[in-house]
Every structure is written in structure tokens, then in C-alpha cells.
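Me: Can you walk me through this one? I'll jump between topics as we go.

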Amino acid sequence: MEEYGGGDLLSEAMGSAARVVVVEDCVEAPGAFVLHLLLKRALASGGAAAFLALAQSFTHYDRILRKMGCNLSLHRRNERLHFFELQAFPAGARNGAIADSLVRLYGEIQRVAEATRTEENAGQFTVMVDDITLLEVAAHGSVDDVLDFLHYCVTLTSEMNCWLVILIHEDIYAGEENMGLLLHLRHIADLVVKAAPLSTGLAADVHGQLSVVNKGTFNKQRAKGQKVWNFHFKVKENGADFFYPGSRH
């Protein structure tokens, strides 16, 4: 059994070269805990992050990460964490106003990324979106506006060598007519981390299965390595356990 840390299964499966990471989950196996772990890792390594929160408030994330030994309030005061609470996104806007709002949002992200880059001994910058599905809802279902925003963010990863992490609810896009956003995310991703329920049903000491798919397009050496990792997980208050099936006693 592996605790989340420097040598855990998730870190080993993900490596360090990916720039765009997509986390897929479903109602039976929520994947928000992966974002919590990756946010902690990003801040603990001396980096900074822009966190776009549509699903939960800052108070929610601060409480969870504090149990994991990461003080988001402190990181926010020190301007290592730039938290954008988007529950109040202009949902009533029409006729280009949503697109304008997303452009302004990207401008803010770009500004803080550039400011971080100029600092001495600056670590890697990370952009996280806690629920791209809700961003699509806020944009009145305008997938084009959301895709444009994502394109800007992906461009930022290559221009500034930063990291983009996006959570999407796969089960919402189960129908073929609704799969546009999900398919696009899979296309731009270097890594796809998928949380799914156990095929055998519920278990007291196992919460689900993680699949990490390395598309192998971002690092030739990594492409020769393992492409797909599958292991079980159990979410705890202070993190998560990762382990191969049958290895836990």
C-alpha cells in the first residue's frame, strides 16, 4: 500500500513531464480528491497556482487541504495561491458577454502566471479548474466559448511551461450527442486520470479504481514506458492510499 507522497503510485504513474492533465470522474467515484492531492503537490514544491472554483468555495478547499497539512489561507496571503471563486460567474449574460468574461478571466490568469515567473527561484505555475462542466453551464452551454478559453490556457502551458489540470464529470457526457467537450479534453490531454467505481461493487476499504493513461506525446523517453496504470484507491481525511488490487491485507 502506498501513501500519497514522493513515491506513491499516482505520482509514479503521472511522472513530471505532462503539461495538460484531465481528471475524469462520475457520481459513483468522485475525483475531486485527485485535485486536492495535485494542488498540495504544486504548492509544496514551491510553485504557485491559479485555482478556478466553480463547484466549491474557498472555505471548503481550505478545510480539506488543512487536514492534509496544507494551509491554503497562508498560501493565498503569500500570493502563492490565486483563488478565483466563479460560483457568481455572470450567468445572465448573453450575446458575447460570456466570451468577454472568459477572456478577462484568462487575462487575470496570464497576469498572475507572468508575475510568478519573474520571481526569483519561482517554481512551476499550475492552473486548475475544479469543474469544467459547471463552466459550460455558466456559459449557457456554449461549448465554443469554453473551448476557446481552454485553448488560451493550453497555449499558456507551452509559453510559460506551466501545468493545466481540469476535472470533468464523464457520466454527464455519456450520450454521443453531448461528448464534444469530453472528447476535446481527451484530445488535448497529455495524461488522463480516470476515477471509476469497482467492477465488483462497493467495498469498505476500497473506494474505487484509478486509471492513468499516458498518451506518450509529450516525452519520447516516457513514451517508451508504461502507457496505462490501473490501481485502487481509498480516500482519507488527510490524503489517499493507492495500491494494486490484491496487495492490501
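Me: How many bridges join strand β5 to β6, and which way do they run?
Reply: Strand β5 (residues 125-129) is joined to β6 by 4 bridges and the two run parallel, where strands are DSSP runs of E of at least two residues, helices are runs of H or I of at least four, both numbered from the N terminus, and strands pair if DSSP finds at least two bridges between them. Within that pairing, V129 has I166 of β6 as its bridge partner. This is a predicted model, in which local features need pLDDT of at least 70 and side-chain atom pairs count only at pLDDT 80 or more, while totals for chains, interfaces and linings use all residues. Residues are numbered from 1 along each chain as its sequence is written, and side-chain values use heavy atoms, with hydrogens and water left out.

Me: And strand β2, how does it pair with β6?
Reply: Strand β2 (residues 20-25) pairs with β6 in the parallel sense over 6 bridges, and D25 stands opposite H169 in β6.

Me: Is β6 mostly covered or open?
Reply: β6 is mostly covered, with 7 of its 7 residues buried, buried being under 20% relative accessible area, exposed over 50% and partly exposed in between, for a 1.4 Å probe and protein chains only. W163, V165, L167 and H169 point one way from the strand, whereas L164, I166 and I168 point the other way.

Me: New topic: how many aromatic pairs does a search of the whole structure find?
Reply: The search finds 7, counting rings of Phe, Tyr and Trp (its six-membered ring) with centres within 6.5 Å, and calling planes under 30 degrees apart stacked, over 60 edge-to-face and the rest tilted. For Y106 and Y152 the ring centres are 5.3 Å apart and the planes are at 40°, so that pair is tilted.

Me: Where do Y106 and Y152 lie?
Reply: Y106 lies in helix α5 (residues 97-117) and Y152 in helix α7 (residues 143-160), so the pair ties together parts that are 46 residues apart in sequence. Y106 is buried, at a relative accessible area of 10%, whereas Y152 is partly exposed at 32%.

Me: Which residues form one aromatic cluster?
Reply: F51, F58, Y61 and F83 form one, and R76 lies over the face of F58, at 4.3 Å from the ring centre; a charge sits over a ring if NZ of Lys or CZ of Arg is within 6 Å of the ring centre and within 35 degrees of the ring normal.
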